[in-house]
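Thanks for coming. I will take a few minutes to walk through one structure for those who have not seen it before.

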Amino acid sequence: MIYKTRTMPNELKALQSLDKRLSRHHEKKYIIQKELYAIQAGYAGELEFDAYMTDFNPDYPYAILNDLYLQNNRIYFQIDALLITPSTIIVIEVKNYAEKTVITENPMQFIKTYKNGDRKARPNVINEVKRKIRHLQKWLIKKGIRTPIDGLITFANTNELSIESTNLEMKILSNDEAPTYLESLPIQPQSLNEKTIKKVARELAKHHKEFNPFPISKRYGIKPSEIQPGVLCPSCQQIGMKWRTEKWNCPCSYHDKHAHLHTIEEWFMLIQPTITNREFRQFSKQPNPNVARTLLKKSNLIQHGERRGIHYKQQKITNT
Ligand SMILES: [Zn+2]
């Protein structure tokens with residue numbers, strides 16, 4: 001059973017928004033798009049993994065948690081997918097790289113290989129997973145849970161992979177091979193019974209933290225004034241809807257009563273965690289303060305302060 005599903009990462013949502021609102025001549029445009037494509041590819045790889053895992057149907061009791069973000073003391077660690085079986089917990093890392101990866105022996109390295117033959121070392125994914133295993137082990141021991149933890153690395157099916165090393169410490173597969181491999185895992189000796197597996201899964205899901213990279217403009221040193229204001233049209237994806245006759249209208253002829261809700265969400269992702277009437281008017285390019293007040297009040301926000309000090313905040317992001 002799946003105890004935590006995967007949703008689009010906050011970082012990806014924020015980068016998509018920032019990319020749309022940053023001029024193509026902006027000096028950081030290249031960096032933003034590079035990060036955006038890498039995160040987008042990573043997420044696509046994870047969705048592909050999930051799609052293959054719908055076939056996963058082992059004979060043993062199990063729990064799956066996707067995209068888990070945990071904290072151990074001051075250290076945060078993220079796990080793409082976690083499988084709990086009666087004998088082990090498997091930390092699964094899903095990769096989706098544009099360039100070919102060669103895994104060499106002596107020294108064991110992950111080498112990014114370009115079409116023109118250039119080679120560049122990537123971070124060692126096995127060490128990355130070992131680090132996560134170590135933190136998860138400590139986290140579980142604190143909760144009184146002792147069970148062996150293993151790692152599994154999977155690559156998106158379209159990835160070109162060449163494994164030259166013959167004694168890898170961790171299993172490396174492509175996404176489509178994962179369900180069969182995981183179904184065939186030995187489940188003896190058993191350290192967790194069905195009831196404990198459920199308990200551990202619920203405990204992990206309860207402690208999942210939503211990764212909050214907001215406001216993302218700060219991370220890249222982009223000033224709010226460099227971010228293009230305006231309401232984004234959900235249909236043609238252009239910025240510049242106009243509030244007329246009680247709704248947002250786009251030159252593409254699409255109209256939407258609630259298009260500002262996404263604009264407000266973008267403000268919080270990109271700029272800062274509070275918004276005033278004036279800031280909303282500037283960002284939505286809708287100049288009427290009364291309309292702004294009405295829209296803000298109906299946007300499921302929390303109001304703080306009084307009179308001229310009134311500002312709004314988002315409801316607390318709850319764990320999903
Ligand atoms: Zn439009």
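This is a predicted model: local features need pLDDT of at least 70, side-chain atom pairs count only at pLDDT 80 or more; totals for chains, interfaces and linings use all residues.

The protein chain has 320 residues, and 45% of them count as buried. Its secondary structure comes to nine helices and 17 strands. If you put a box around the C-alpha atoms along the principal axes, that box is roughly 70 × 55 × 35 Å.

Now the salt bridges. How many salt bridges does the count come to? The count is twelve, and I will show some of them.

Take R6 and D50, whose side chains meet in a salt bridge at 2.7 Å, N to O. R6 sits in the loop between β1 (2-4) and α1 (10-20), while D50 belongs to helix α2, residues 29-53. The two are 44 residues apart, and the pair links distant parts of the chain. Are these two residues buried or exposed? R6 is buried, and D50 is buried as well.

Next come E160 and K100, which form a salt bridge at 3.9 Å, N to O. E160 is in the loop between β8 (149-155) and β9 (161-163), and K100 is in strand β5, residues 100-104, so this pair ties together parts that are 60 residues apart in sequence. E160 is partly exposed, with a relative accessible area of 48%. K100 also counts as partly exposed, at 27% relative accessibility.

K223 and E226 are another pair, again with a salt bridge of 3.9 Å, N to O. K223 counts as exposed, because its relative accessibility is 52% and the cut-off for exposed is over 50%. E226 is partly exposed, at 29% relative accessible area.

There is also a network to point out. Which residues make up this network of salt bridges? They are E93, K95, E128 and K132.

R131, R134, K138 and K142 form a positive surface patch. Of these I will pick out K138, which lies in helix α3, residues 125-142. K138 is partly exposed, with a relative accessible area of 44%.

Cysteines next. The structure holds zero disulfides. As a reminder, a disulfide is a covalent bond between the sulfur atoms of two cysteines. Two cysteines I can describe are C236 and C250. C236 is partly exposed, at 28% relative accessible area, whereas C250 counts as buried, at 10% relative accessibility.

Now two pairs of residues, taken by their C-alpha atoms. Q272 is in the loop between α7 (259-270) and β15 (274-276), and Q272 counts as partly exposed, at 26% relative accessibility. From Q272 to P224 there are 48 residues in sequence and 9.1 Å in space, C-alpha to C-alpha.

F280 lies in helix α8, residues 277-284. Why does F280 count as buried? Its relative accessibility is 1%, and buried means under 20%. F280 and H260 are 20 residues apart in sequence, with 9.4 Å between their C-alpha atoms.

Last, the backbone. Which residues does a cis peptide bond join, with omega about -10°? Q188 and P189 are joined in this way. P189 is in the loop between α4 (178-183) and α5 (194-206). The peptide bond from F214 to P215 is cis too, with omega near -10°. P215 lies in the loop between α5 and α6 (216-219).

Then there are residues other than glycine with a positive phi. D67 has a phi near 50°. D67 is part of strand β2, residues 63-72, and D67 counts as buried, at 15% relative accessibility. N300 has a positive phi as well, near 60°. N300 is located in the loop between α9 (289-297) and β16 (301-304). Is N300 buried or exposed? N300 counts as exposed, at 57% relative accessibility.

Notes
Residues are numbered from 1 along each chain as its sequence is written. Side-chain values use heavy atoms; hydrogens and water are left out. Patches are made of residues with over 30% relative accessible area and no salt bridge: like charges are joined within 9 Å, nonpolar side chains (Val, Leu, Ile, Met, Phe, Trp, Tyr) within 5 Å. Accessible areas come from the Shrake-Rupley method with a 1.4 Å probe; for residues, only the protein chains shown count as cover. A salt bridge is a side-chain nitrogen of Lys or Arg within 4 Å of a carboxyl oxygen of Asp or Glu. Lys and Arg count as positive and Asp and Glu as negative; His and the chain ends are not counted. The place of a charge is taken as NZ of Lys, CZ of Arg, CG of Asp or CD of Glu. Helices (H or I, at least four residues) and strands (E, at least two) are DSSP runs, numbered from the N terminus. Buried means under 20% relative accessible area, exposed over 50%, partly exposed in between (1.4 Å probe, protein chains only). A disulfide is a pair of cysteine sulfur atoms within 2.5 Å.
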